[in-house]
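Here's a quick look at one helix and at some aromatic contacts. Have the model open while you read.

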Amino acid sequence: MAADSTSVNAKALQFIEEMTRNVDGIQEHVLAQILSQNSETEYLKGFHLAGATHREAFKSKIPIVAYEDIQPLIQRIANGDRSPILSARPISEFLTSSGTSAGERKLMPTISEEWDRRRILYSLLMPVMDQYVKGLDKGKGLYFYFIKSETKTPGGLLARPVLTSYYKSDIFKNRPYDPFSVYTSPNEAILCEDSSQSMYAQMLCGLYEREKVFRVGAVFASGLTRSIRFLQLNWKQLAHDIRTGSLNPKFTDNSLRDCMTRILRPDPELADFITRECEEDSWEGIIKRIWPNTKYLDVIVTGAMAQYIPTLDYYSGGLPKACTMYASSECYFGLNLKPMCDPSEVSYTIMPNMAYFEFLPHTNSDGGKGKGEGELLDLAAVEVGKEYELVVTTYAGLCRYRVGDILRVTGFHNSAPQFRFVRRKNVLLSIESDKTDEAELQAAVEKASKLLSTSVVEYTSYAETKTVPGHYVIYWELMGEPLPGEGVLERCCLAMEEEFNAVYRQGRAADGSIGPLEIRLVRSGTFEELMDYALSKGASINQYKVPRCVTSSPIVELLDSRVVSTHFSPASPHWNPDRRF
Ligand code: AMP
């Protein structure tokens, strides 16, 4: 390792030590900074803080809010009101969260200086990794990164996902050379708006540099499984392009075409190798076979992404899976200080300089729909073993905002608590970044069942991730005979998809990250059997409720063994990049 990389890494680790040693002091300072910076905003003035910047005033006067509480203010900013509503600094753009409100992505205000904080967090990831995996500066990372479409608010502000904003920023595009962060994908490939041309180009570059690839990754596990599936579907074309050294004519993005033309060269030996490996019946361990020097997969497999672990293990022959950071559109939170640990052991250390963090004690007494209770605790005051909902106050103007993530404290690094990501509140189904809750599923079933001449007796759902991309499965038991006519249940599938939120529909229609919804019709009496099964496992007959989503394999097996027919959505639901404002 070059001497300067050593000292850069040492400084980063030193920074983590400093940040985690004095968590409470830093948090106090961060809150004071935010409150003084934003003291003249309409929002803070409305709560009569009178310039106070200490916690007591803040906690006694500022309410805890959810998105819907501040949505009218956000709407005013989106419409072009440039007065200091939430933030004294100008809102530079909106980051569109994968969490939705009234079916649309939530809009999170951000300010340009926020990138300085996020950049610091990114700069800590490789120094931490270097402690556990040596020599990464000698190889490259094959990362599948994508941008999504962006739109403008009526007032002219950009609205786009945070990673799209990052990849398009100068911070990413003009990043200085760092031997620990050399990627096989050129910027032009990452920045191509057509996700399939982007994926093709990234895969092609990864194949050319297969010996140099030391880590393979994507942001979320779902993205990596899709990339491997893409290889499965396109390896013949890829091998052909490598053999001839020329790009196939389906490539229409000119800037990417120019860039790829510079990279491509005829390599028949590589083309033969790819053909041999991909022709094999079994794709077990394909990642290790094609990229033999891969030391780990860099991909988030915590939270909803845990469902992809078996698929990734299969494709990679059980390579370690590193979950490096925990972040959101609202705020980047922290990092995993032991990135090579088993996914079940992952804990994230929240960096106290990122924002002001509070924790709403969370109980889970109602079988999955836990509610927040009691007083909010500070970052330094949370207790090991307890669960909390994360609440943030950001420099960009979110004040005591409920993020919706439930975290469990697993321990401390110095005085910084470490958190296991337990789950996101109220999410029933998720394949990629989509989050569908019980009310959305209920509304979709109601809508679709209007197409039937009979009624739906009971239903439940399942996120099927053995197929790539994954898809929603809805089990339906219908009232009596006759069964619906030809094509009716397919139309019901599409009707449900049309009813889901914009993130789901974008995943289906634009990104191809979610497969067609499937209805599995089960025979009459199946849901009674499901209840009998639950009772045999100790459920109380008085309290039994049909689970609206099933995850455990005996239950899925029971349902599957009663299936009389399966039906898929015949088309993509409608999705328009221009959201409703
Ligand atoms: P978004 O608002 O679309 O940027 O999504 C942010 C959300 O993704 C977070 O609030 C979490 O629910 C989830 N998320 C982000 N990072 C992780 C992680 N490392 N593990 C589990 N879930 C995560």
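D194 caps the N-terminal end of α10, with a side-chain oxygen 2.9 Å from the backbone nitrogen of S196. This is a predicted model, where local features need pLDDT of at least 70, side-chain atom pairs count only at pLDDT 80 or more, and totals for chains, interfaces and linings use all residues. Numbering runs from 1 along each chain as its sequence is written, and side-chain values use heavy atoms, with hydrogens and water left out.

Helix α10 covers residues 195–208 and reaches 20 Å from its first C-alpha to its last, close to the 20 Å expected at 1.5 Å a residue (1.5 Å times one less than the number of residues). Helices here are DSSP runs of H or I, at least four residues, and strands are runs of E, at least two, numbered from the N terminus. Twelve of the 14 residues in α10 are buried (under 20% relative accessible area, 1.4 Å probe, protein chains only), among them Y200 and L204.

Now for the rings. The whole structure holds 24 aromatic pairs, meaning Phe, Tyr or Trp (six-membered ring) centres within 6.5 Å, with planes over 60 degrees apart counted as edge-to-face. Two of the edge-to-face pairs:

| Pair | Centre to centre | Between planes |
|---|---|---|
| F333 and F357 | 6.2 Å | 65° |
| F359 and Y388 | 6.1 Å | 80° |

F333 sits in strand β10 and F357 in strand β12, so their pair ties together parts 24 residues apart in sequence. F359, in β12, and Y388, in β15, are 29 residues apart. F333 and F357 are both buried; F359 is buried at 0% relative accessible area, and Y388 at 1%.

Notes: Buried < 20%, exposed > 50% of the residue type's maximum accessible area, 1.4 Å probe, protein only. Polar contact = N/O pair within 3.5 Å; in protein donor to acceptor, adjacent residues only side chain to side chain. Phe/Tyr/Trp six-rings, centres within 6.5 Å; stacked < 30°, edge-to-face > 60°.
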